[in-house]
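I opened this notebook to record what I looked up in one structure, entry by entry.

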Amino acid sequence: MRIFFISLGVFFIFCPSVFGFNPPEKMSAEELKLADELFDDAKYQDTVYFLEKLSDKNSVEVQWRFARAVFFVSKQIQDGDQKEKLVREAFDYACKALELDDANFGANKWYGAILSEKSNFDGMTERIKQLDNVKKHFSKAKDANPEDPGIWHMLGQFNFKLSEVNWVTRKLINSIAPNPPTASYEEALECFEKAENMKPGFYSQNQLFLGKTYLALKQKDKAREWFQKASEVEVRSEDDRVCRQEASEALKKL
């Protein structure tokens, strides 16, 4: 059983009858905006709770937000079994969102991201088989909303991680996937830079991966610059903590 924590501020939103009025019958754009604000403030548990109270929680816009919020809750969990359970729950929401609208930006974006994470629990063979599928959904999301920095970051991570695999893994990929996707550090850098230029400082991991990519390209001065920024981010989530830790360790080695 999952326990959700709720702040006093969102209690007013969740329990309007206490204050003498009832919620609107139809979900509004303002409610989705409030959900996004909770998520952006790294209040992932509160976001899930808020979404559960919406009147139209089976819509595509709510389902992919469920997927995103539960996925980020999983990132805060250290226990492996519980983390896997939450990732699979998030994937179920992403699947539902895609079933409702397979052209939806958020549905494709988070389906790709969570599929990539879920395949880690399904073994190396399944992860390799899903590479092309992950990239396909990232590309669909990018085409649907090319101004979103988050999808450019995801494409950057996809390219970076595919570029850093060793020759043994590369041979395995080629043996399992008939037409595996290709990638390069240069492509990864282009994606990370595009994301950062769109919204500077929007995500700590983007700064970290800029440092990692410049280092992979043997541009140590640029790598040091981005690792320094990444080592100073405000810690509000597990991603931020990992970012600061990895960036600080990388700086010591430069």
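I noted first that helices are DSSP runs of H or I with at least four residues, numbered from the N terminus. The model I consulted is predicted.

Entry on histidine 137. I located histidine 137 in helix H8, residues 131-144. I found histidine 137 to be buried, because its relative accessible area is 6% and buried means under 20%. Leaving out residues up to four places away in sequence, I listed its contacts as Leu98, Asn108, Lys109, Tyr111 and Gly112.

Entry on helix H14. I checked the length of helix H14, residues 238-253: at 1.5 Å a residue, its 16 residues should span 22 Å, and the end C-alpha atoms are 23 Å apart, which agrees. I recorded Glu238, Asp239, Asp240, Cys243, Ala247 and Ala250 as the buried residues of H14. These buried residues pack against helices H4, H12 and H13.

Aspartate 239 belongs to helix H14 and lysine 75 to helix H4, so the pair ties together parts that are 164 residues apart in sequence. I noted that aspartate 239 is buried, at 10% relative accessible area.

I also looked up glutamate 238 and arginine 241, whose side chains meet in a salt bridge of 2.6 Å, N to O. Both lie in helix H14, three residues apart, about one turn of the helix. Glutamate 238 counts as buried at 15% relative accessibility, whereas arginine 241 counts as partly exposed at 36%.

How values were computed: Residues are numbered from 1 along each chain as its sequence is written. This is a predicted model: local features need pLDDT of at least 70, side-chain atom pairs count only at pLDDT 80 or more; totals for chains, interfaces and linings use all residues. Side-chain values use heavy atoms; hydrogens and water are left out. Helices (H or I, at least four residues) and strands (E, at least two) are DSSP runs, numbered from the N terminus. The expected span of a helix is 1.5 Å times one less than its number of residues. Buried means under 20% relative accessible area, exposed over 50%, partly exposed in between (1.4 Å probe, protein chains only). Contact means heavy atoms within 4.5 Å. A salt bridge is a side-chain nitrogen of Lys or Arg within 4 Å of a carboxyl oxygen of Asp or Glu.
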